[in-house]
Amino acid sequence: MESPAFDLAFEPAYGRAVPVVSGVARITAENPGPFTFYGTNSYIVGASSVAVIDPGPEDEAHYQALMAALAGREVTHIFVSHTHRDHSPLSRRLQAATGAVTVGQGPHRPARPLRDGEINPFSESSDLAFVPDIALGDGQTLSGDGWSLTSVATPGHTANHAAFALEGRDILFSGDHVMAWSTSIVAPPDGSMADYMASLERLMERQDGLLLPGHGGPVTQPAAFLRGLKAHRLGRERAILERIRAGDRAIAEMVKAIYRDTDPKLHGAAALSVLAHIEDLVERGEIAADGPPSLAATYRLL
């Protein structure tokens, strides 16, 4: 299976602001886990008047660390890449304390409607209460004192995922769409593999020089890394088709074979990733299901 060169070297430095590049500091929340790595990265952009990107989870220690780093500075904008509970909830306390306006692509929404009898497995991970004061459309820019951030719509991980380009700096805050330490989770109905792959292509066309993700360290060679991510996803797609060709009919069978070297505790998430690929393959007419694509459906080649 093709893979990008993942980088697991990262020092979270919990509780303090770490300079990343000139005018950008990172504070990592202490919410480590299999999907968050060491924790969620919040970024402070600017000098005396700043923007905060992804304030993070509702966590007292992280809130206090942010407020300490922001002391003596005006916070004008709070940008949110997407509405998962490890990224957006602290925006409410931060806004109450600073008076800043919140900015995002829009409220949480699924990539497609729930099908009859379907349950959203990540519903508890979604921050349904977040509604940005400013719904920043794709390509729109907001500016502050010495900084300008442009929204780059990157649906896939969630339908409302956006990256933010720091104008004039060749830097993109990539949220959970692209991370140096791992691939992003794409889990229907919140996520869409077709959207994710289109967003990857879009970033490949942009040719940014540095990606600053929502978890882990920076992506310092984006062009090669993005090519690796695309190859990895296409390799996963081929593996699914090979398993169906070999006689597997259910997603559970495919997961056991394709993810045999993965911790079984992560097989549930792996099954959702396979479902995301299968939805895309069904839509493109390469395979068929015995009904709407689902974790319980059976599949065959066309």
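Two strands are taken to pair if DSSP finds at least two bridges between them. By that criterion, strand β1 (residues 18–21) pairs with strand β2 (residues 24–28) in this predicted model, where three bridges join the two strands in an antiparallel arrangement. Val 21 has Val 24 of β2 as its bridge partner. The two strands form a hairpin with two residues between them, and Gly 23, which lies in the turn, has a positive phi of about 85°.

The secondary structure of the protein amounts to six helices and 14 strands. The radius of gyration is 19 Å, close to the 19 Å that the globule rule gives for 302 residues, so the protein is as compact as a globular protein of that length. The C-alpha trace spans about 65 × 40 × 35 Å along its principal axes.

Two packed helices are described by the angle between their axes and the distance between the axes. For helix α1 (residues 60–70) and helix α2 (residues 91–98), the axes come within 11 Å and cross at roughly 35°. The crossing of α1 and α2 is right-handed. On the α1 side, Glu 60, Tyr 63, Met 67 and Leu 70 take part, and they meet Arg 93, Leu 94 and Ala 97 in α2. Sorted by class, the residues of this contact comprise five nonpolar, no polar and two charged.

A second sheet can be described in much the same way. This open sheet has five strands in the order β8-β9-β10-β11-β12, and its pairing is mixed. β8 (141–144) and β12 (210–213) stand at the edges with a single partner strand each, so one side of each is left without a neighbour in the sheet. From one strand to the next, the twist averages 25°. β8 and strand β9 (residues 147–153) are paired in the antiparallel sense over four bridges, and Ser 143 has Ser 148 in β9 as its bridge partner. Helix α3 (residues 193–206) packs on the sheet and touches β9, β10 (162–166) and β11 (171–175). The direction of α3 makes about 140° with that of β9.

In the loop between β10 and β11 is Asp 170, whose phi is near 60°, a positive value in a residue other than glycine. In the loop between β11 and α3 is Pro 189. The peptide bond from Pro 188 to Pro 189 is cis, with omega near 0°.

The axes of helix α5 (residues 251–258) and helix α6 (residues 267–283) come within 9 Å and cross at roughly 115°. Angles of 65 to 115 degrees count as roughly perpendicular, which means that α5 is roughly perpendicular to α6. The crossing of α5 and α6 is right-handed. From α5, the contact draws on Ile 251, Met 254 and Val 255; from α6, the residues involved are His 267, Ala 270, Ala 271, Val 274, Leu 275 and Ile 278. By class, the contact of α5 with α6 contains eight nonpolar residues, one polar residue and no charged ones.

Definitions and conventions
Residues numbered from 1 in each chain as written. Predicted model: local features only at pLDDT ≥ 70, side-chain atom pairs only at ≥ 80, totals over all residues. Heavy atoms only, no water. Axes fitted to C-alpha atoms, helices over the stretch in contact; angles between N-to-C directions. Parallel < 35°, antiparallel > 145°, perpendicular 65-115°, else oblique. Left-handed = near helix turned anticlockwise from the far one by under 90°. Contact = heavy atoms within 4.5 Å. Nonpolar A, V, L, I, M, F, W, Y, C, P; charged D, E, K, R; others polar. Rg over C-alpha atoms; globule rule 2.2 N^0.38 Å.
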